[in-house]
Amino acid sequence: MGLFLTVEGPDGAGKTTQIELLRDYLSAKGYDIIVCREPGGTPISEAVRNVILNKEFTEMGHMTELLLYAAARAQLIEEVIRPALEDGKIVICDRFVESSAVYQGIARGMGIDLVYEVNQFAIGDTMPDLTIMIDLDAEAGISRKKKQAELDRMESETIDFHKKVVEGYRQLASLHPERIYTVDGNLPIEEIHQQIVSQVNKKFHGKG
Ligand SMILES: Nc1ncnc2c1ncn2[C@@H]1O[C@H](COP(=O)(O)OP(=O)(O)OP(=O)(O)O)[C@@H](O)[C@H]1O
Ligand SMILES: Cc1cn([C@H]2C[C@H](O)[C@@H](COP(=O)(O)O)O2)c(=O)[nH]c1=O
């Protein structure tokens, strides 16, 4: 089996930036890397992403949202993640089930247990070996996103919602210190990268 790494954190925390750096680092070492994102990563999952993040769908119910994220995830796992891991590759995924736990479970108030129960159908036993959580206050993250592009349906949520997301990630990380490693998203990009590399190398050694 390969190695499954996920990168989590609030909107604008710097996940995509760090994933690119990590991919370059691991590729230079000769590893076979697959990078994917959630929701997305397959034609079907990208189509579901367009529905979920469409700002015009203001009427979307919380349960619909939860199920759409899980459906996009099921397809990504079946089509990309599981085959790559069975092939011995390293998979780096931008967000995974922890995003649902935090955004739908905590910030939407649906409950973490319900989220994992629903997602059990989508993920089975495919869980990350290591999750990097980039921590950043809500205001800072949203301000970074505003400079990049027009905000999508989720990013356009209230600042209170985004604060719950940030608190939710901190709560989740404290519940699973053995698997979720937190880095400070305020640090310079290169410093965060070095911390992530150090954690990933520890995980490699742990796997023998
Ligand atoms: N450590 C950092 N310090 C300052 N700016 C950063 C840092 N990391 C990333 N950025 C900048 O913040 C913006 C958002 O970064 P990025 O797209 O990597 O975040 P993200 O977590 O992937 O966002 P999203 O949740 O929307 O996918 C980019 O303009 C990026 O250059
Ligand atoms: C996987 C997943 C994501 N979300 C939210 C988090 C973000 O606001 C968007 C995804 O956009 P990004 O630019 O790719 O970060 O969706 C969520 O609420 N629940 C999930 O399971």
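Reader: Is Thr16 buried, exposed or partly exposed?
Author: Thr16 is partly exposed, because 13 other C-beta atoms lie within 10 Å. The scale: buried means 20 or more other C-beta atoms within 10 Å of the residue's own, exposed means 12 or fewer, and partly exposed is in between, with C-beta atoms placed from the backbone. Thr16 sits in helix H1. Helices (H or I, at least four residues) and strands (E, at least two) are DSSP runs, numbered from the N terminus.

Reader: What should I know about the model and the numbering?
Author: This is a predicted model: local features need pLDDT of at least 70, side-chain atom pairs count only at pLDDT 80 or more, and totals for chains, interfaces and linings use all residues. Residues are numbered from 1 along each chain as its sequence is written, while chains are lettered from A and ligands numbered from 1 in the order in which they are written.

Reader: Which residues come nearest to ligand 1?
Author: Gly14, Lys15, Thr16, Thr17 and Arg144, out of 16 residues around ligand 1. Near here means that the C-beta atom, placed from the backbone, lies within 6 Å of the molecule or strand.

Reader: Which elements give two or more residues to that shell?
Author: Helix H1 (15-28), helix H6 (138-148) and helix H8 (189-207).

Reader: Where does UniProt put a "binding site"?
Author: The unreviewed entry places that feature at Gly9, Pro10, Asp11, Gly12, Ala13, Gly14, Lys15 and Thr16. UniProt positions use the numbering here, feature names are shortened, and annotations may be inferred rather than shown by experiment.

Reader: Take Pro10. Buried or exposed?
Author: Pro10 is buried, because 31 C-beta neighbours lie inside 10 Å. Pro10 is in the loop between strand E1 (3-8) and H1.

Reader: What does Pro10 contact?
Author: Leaving aside neighbours within four places in sequence, Pro10 contacts Leu136, Ala138, Gly141, His162, Val165, Val166 and Tyr169. In contact means C-beta atoms, placed from the backbone, within 7 Å.

Reader: New topic. What surrounds ligand 2?
Author: The residues include Asp11, Arg37, Glu38, Pro39, Tyr69 and Arg95. Helix H4 (residues 97-107) gives the largest share of that shell, four residues.

Reader: What is the peptide bond from Glu38 to Pro39 like?
Author: That bond is cis, with omega near -15°. Pro39 lies in the loop between strand E2 (33-37) and helix H2 (43-52).

Reader: And what about the phi of Arg95?
Author: Arg95 has a positive phi of about 80°, although it is not a glycine. For background, most residues other than glycine have a negative phi, and most peptide bonds are trans. Arg95 is in the loop between E3 and H4. Arg95 is buried, because 22 other C-beta atoms lie within 10 Å.

Reader: How do helix H3 and H4 cross?
Author: The axes of helix H3 (residues 62-86) and H4 come within 11 Å and cross at roughly 175°. That makes H3 roughly antiparallel to H4. Angles over 145 degrees count as roughly antiparallel, under 35 as roughly parallel, 65 to 115 as roughly perpendicular and the rest as oblique. Axes are lines fitted to C-alpha atoms, for helices over the stretch in contact, and angles run from 0 to 180 degrees between N-to-C directions.

Reader: Which residues meet there?
Author: His62, Glu65, Leu66, Tyr69, Ala70 and Arg73 in H3 meet Val97, Ser100 and Gln104 in H4.

How values were computed: Contact = placed C-beta atoms within 7 Å.
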